[in-house]
Each structure stands twice: as C-alpha cells, then as structure tokens.
Number of protein chains: 2
Amino acid sequence: MPDVSTVKALVFDVFGTVVDWRSSLIADFTTWSATRGITADWTGLVDGWRAVYAASMDEVRKHPERGYVILDTLHRRSLEKLVAQHSISGLNEADLHYLTMGWHRLHPWPDSVSGLTRLKTKYIIGPLSNGNVALLTDMAKFAGLPWDLVLSAELFEHYKPDPETYLGAARLLGLPPEQVMMVAAHNHDLKAAQKLGLKTAFVARPTEYGPLQKYDFEAKGDWDIVAKDFNEIAGRMGC
Amino acid sequence: MPDVSTVKALVFDVFGTVVDWRSSLIADFTTWSATRGITADWTGLVDGWRAVYAASMDEVRKHPERGYVILDTLHRRSLEKLVAQHSISGLNEADLHYLTMGWHRLHPWPDSVSGLTRLKTKYIIGPLSNGNVALLTDMAKFAGLPWDLVLSAELFEHYKPDPETYLGAARLLGLPPEQVMMVAAHNHDLKAAQKLGLKTAFVARPTEYGPLQKYDFEAKGDWDIVAKDFNEIAGRMGC
C-alpha cells in the first residue's frame with residue numbers, strides 16, 4: 001500500500017470531481033429559461049460549452065503576451081459564439097451574465113460535502129481548479145464546500161495541467177510536493193501532479209459527461225489512492 | 001448613516017484585529033520554554049519582534065530586485081537577531097522553527113469566531129493580512145476562523161498598506177472596491193483602503209500591544225462602521 005502518511009494537505013480538481021457541472025447547468029438553465037420564455041437546447045449548449053473548454057485555455061497558453069484571462073471571461077466568450085451557433089435568440093446582457101455565472105452555481109456530488117468535512121478534520125483542504133477565485137468562492141458558498149482556502153489557476157496565471165499550478169499550490173501551502181495530495185476524477189490531471197512529486201487520489205465520476213463520457217471510467221495510472229467516492233478517500237486517510 | 005448595502009465581501013486585518021498575537025505568543029513561549037528548560041524574557045522578545053515588523057517589510061519594499069519575501073521568513077530573520085540581542089542561549093534549529101511558527105498558533109479575541117460566523121451567513125469573508133498563505137491557513141484551523149477564502153499579501157507580492165493588496169483582493173473577489181469592506185483595528189490600514197474606494201469598519205483592540213499600546217484606542221477617520229467588536233459589526237451588517 002502506498003505511503004500517504006506524509007500528506008498534510010489535499011487539493012481537489014473541482015469541475016467533475018467535486019461538482020456535477022453538467023446536470024447542474026442543464027437543470028438551472030431549463031428552469032430559468034421557462035420563466036424567461038426562452039426556448040433552447042440547453043443540453044446541447046452545455047455540452048458544446050464544455051467541449052470548447054480545453055481549446056479556450058490553450059489560447060491563453062499560446063498567447064502569454066495577451067496576459068492571463070480568467071475562466072469567467074473564457075466562459076463568456078465561448079457562450080457568445082455558442083449562442084450564435086445554436087441560434088438562440090432573445091438573450092440580453094443580463095441573460096448572458098446569468099448563464100455565465102451558472103458555473104458559480106454548481107451542485108456537489110452526493111458524497112462531496114460529507115467526505116470533505118471528514119477530511120478537513122485532519123488535513124488542509126482546498127480546490128486546485130482552473131476556475132477563477134471568485135467562481136470557486138461563490139461555488140463553495142452555494143454548494144456548502146468547507147474549503148480551508150481557495151487555490152486557483154488564477155493565482156498562478158497558468159491553467160492546469162501546467163506545472164506552475166501544482167507547484168504553486170505546494171509553495172503557497174508552505175509544503176514540499178510530497179506532502180500535498182491531488183484529488184481528481186481525471187487521469188491526466190493526476191499524471192501531471194504525480195510527475196511533480198504530489199501524491200494522487202482518483203475517484204471515478206462516470207456520469208460527469210452524461211452519454212458523451214469517453215474517458216476516466218477508471219484509474220489509468222499508479223495512483224496512491226483509488227476510491228469510489230470522497231468518503232472512501234477520507235477513510236483511507238484515517239478520517 | 002453610511003450606506004453599506006453594496007457590500008458583498010468583508011476582508012479582515014488579522015494580527016491584532018482578529019487574533020491577540022501578543023498574549024498568545026507570550027503564553028505559548030512561556031509554557032513551551034518551561035518544558036525545554038530555557039529561560040528568557042519572552043514578553044520582551046515578543047514586543048521586540050513586533051517592533052521590527054514594519055521595518056522588515058520596508059526592506060522588502062525598498063529592494064524589489066531581491067524578490068518578495070514572505071512573512072514567515074521575515075519573522076525568522078528578525079528572531080535570529082533578537083535571540084542574539086537578548087542573549088538567549090540553548091536554542092537549536094527546531095526551537096527557532098517552533099518559535100517562528102508561533103505566529104501560526106494565535107488565539108482569537110473572544111468575539112472573533114462568533115462575529116465571523118454570523119457575517120459568513122450573508123457575506124464572503126476572508127483575511128487580508130501581511131501573513132503568508134500557509135500562516136493564515138494554519139492559524140484559521142488552529143483558531144477556528146471560518147474564512148471562505150484566504151487573501152494574503154503573498155498573493156500580490158506586496159505588503160499592506162501598498163495599494164496592490166486592497167485592489168488585488170477586490171480583483172480576485174471579482175468585485176469593485178466599493179463592494180468590499182476592510183475591517184481593521186488600525187486606522188492607517190483603513191485609511192489606505194478607503195482611499196482606494198473600499199468600505200471600512202473599525203474595531204478597537206486597546207490591549208493589542210499591552211502596556212506599550214500608543215495608537216488606535218479609537219477611530220481616527222470617517223469609517224463606515226465603528227464598532228466595539230465583531231458581533232456589533234455583524235449586527236450593523238444585518239446578520
């Protein structure tokens with residue numbers, strides 16, 4: 001069994017790992033649009049939005065001379081294109097803002113809050129997400145996520161899986177990488193963290209992408225912990 | 001009465017405002033040194049330590065070419081000089097580390113946790129302190145401070161009262177300055193925040209410096225709120 005006794009802090013991927021972004025956004029927009037009298041394929045819009053996520057961050061990586069751009073802004077830019085592509089009409093400025101801020105109103109998976117609450121008794125816990133600080137802070141209040149602090153790609157002006165994010169988190173925590181455990185439902189995130197010396201925990205979220213899910217049904221790496229949910233991680237970490 | 005209805009987040013000075021650093025350190029070191037068999041004037045050391053605090057940050061401001069230096073490191077450097085000046089002998093590396101980390105183990109004022117807990121129900125709350133992120137995170141767990149997020153001078157690589165700290169906090173919160181309220185027991189901190197458009201709340205902590213206290217017995221500015229403790233601030237903010 002891998003030695004995780006050195007771990008002092010656990011940092012969490014958020015979208016998909018802690019919160020169910022897809023179901024949350026579809027339900028939120030469906031309810032909201034009924035009151036606004038707007039009709040659209042919200043499932044298609046949400047899936048399309050997430051599909052351009054990686055490319056939108058790549059643009060920031062490719063153009064450092066333009067400066068770092070936070071995820072709220074990337075979300076808004078992508079939304080404007082998708083609204084046009086999906087020919088959704090009748091959305092005003094306030095509506096576009098409401099939809100963009102949907103990413104601040106995501107619901108946790110059923111085990112997230114109880115597992116985090118247990119882990120918090122013995123460890124420092126925080127997100128380590130590509131979401132910006134305000135997004136993660138609002139989400140924590142909305143979803144009841146009991147973070148000790150908020151770590152975000154925004155603080156390092158680099159998106160995951162850039163090394164600056166994992167190493168920056170360890171630096172701010174005042175810990176060597178081996179005392180920090182990255183928790184994610186995505187193998188590529190853990191691979192990047194492990195390469196830099198962080199401990200790793202995988203939890204499968206096989207419904208994250210709904211019928212479109214293609215990857216991450218199971219652990220594909222030598223992770224320190226592979227668990228079915230956050231409560232199993234808490235148990236394995238002695239909480 | 002000033003209009004504080006726009007406020008969405010409250011950020012707090014920490015040393016002196018939220019925690020009683022002087023009594024905490026003196027009690028901690030006195031108890032600890034008895035078990036270590038080391039005798040020293042801990043009150044004198046603690047007062048001396050805080051007395052060189054401002055100058056140690058000024059050195060960082062004056063030498064940007066040397067890079068930002070976190071408060072833990074400034075504390076350690078000052079401690080080494082003070083130990084020599086006070087002719088305290090018998091301290092090994094682990095002892096110096098223990099003393100430096102004393103700043104992570106500070107106790108809150110009696111009203112801090114209850115007041116913050118009330119404010120957290122309606123507002124985003126976080127420290128905005130010259131303490132580094134790890135210091136503030138450790139202290140929050142030690143003292144039970146229910147922050148939503150940890151904002152620190154370290155994130156902006158500038159110490160208060162540099163404008164980068166107050167404006168950086170508002171930026172990370174995704175809020176204009178007038179939606180952020182700075183809470184402090186120090187008039188000069190509020191003056192800097194107010195100049196940049198933040199709302200302000202003053203709470204007197206007249207025993208912060210013990211018999212050495214010279215300033216900040218009362219509000220010396222046109223602050224939006226002047227309160228006797230955090231619970232009064234919570235009440236004034238509708239919590």
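## Packing of helices α1 and α2 in chain A

In this predicted model, helix α1 (residues 21-36) of chain A packs against helix α2 (residues 42-51) of chain A at an angle of about 140°, with their axes 9 Å apart; axes are lines fitted to C-alpha atoms, for helices over the stretch in contact, and angles run from 0 to 180 degrees between N-to-C directions. Helices (H or I, at least four residues) and strands (E, at least two) are DSSP runs, numbered from the N terminus. The angle makes α1(A) oblique to α2(A), since angles under 35 degrees count as roughly parallel, over 145 as roughly antiparallel, 65 to 115 as roughly perpendicular and the rest as oblique.

A:R22, A:L25, A:I26, A:F29, A:T30 and A:S33 of α1(A) make the contact with A:W42, A:T43 and A:V46 of α2(A), where contact requires C-beta atoms, placed from the backbone, to lie within 7 Å.

## The sheet of chain A

Six strands of chain A form an open sheet in the order β3-β2-β1-β4-β5-β6, with parallel pairing; two strands pair if DSSP finds at least two bridges between them. The edge strands, β3 (151-152) and β6 (225-227) of chain A, each pair on one side only. Strands β1 (residues 9-12) and β4 (residues 180-184) of chain A are joined in the parallel sense over four bridges, and A:A9 stands opposite A:V180 in β4(A).

## Where chain B touches chain A

In this interface, 14 residues of chain B are in contact with 13 residues of chain A. On the chain B side, α7 (133-143), α8 (153-156) and α9 (163-173) each give two or more residues, and the largest share, five residues, comes from α7(B).

## Basis of the model

Residues are numbered from 1 along each chain as its sequence is written, while chains are lettered from A and ligands numbered from 1 in the order in which they are written. As this is a predicted model, local features need pLDDT of at least 70 and side-chain atom pairs count only at pLDDT 80 or more, whereas totals for chains, interfaces and linings use all residues.

Conventions: Contact = placed C-beta atoms within 7 Å.
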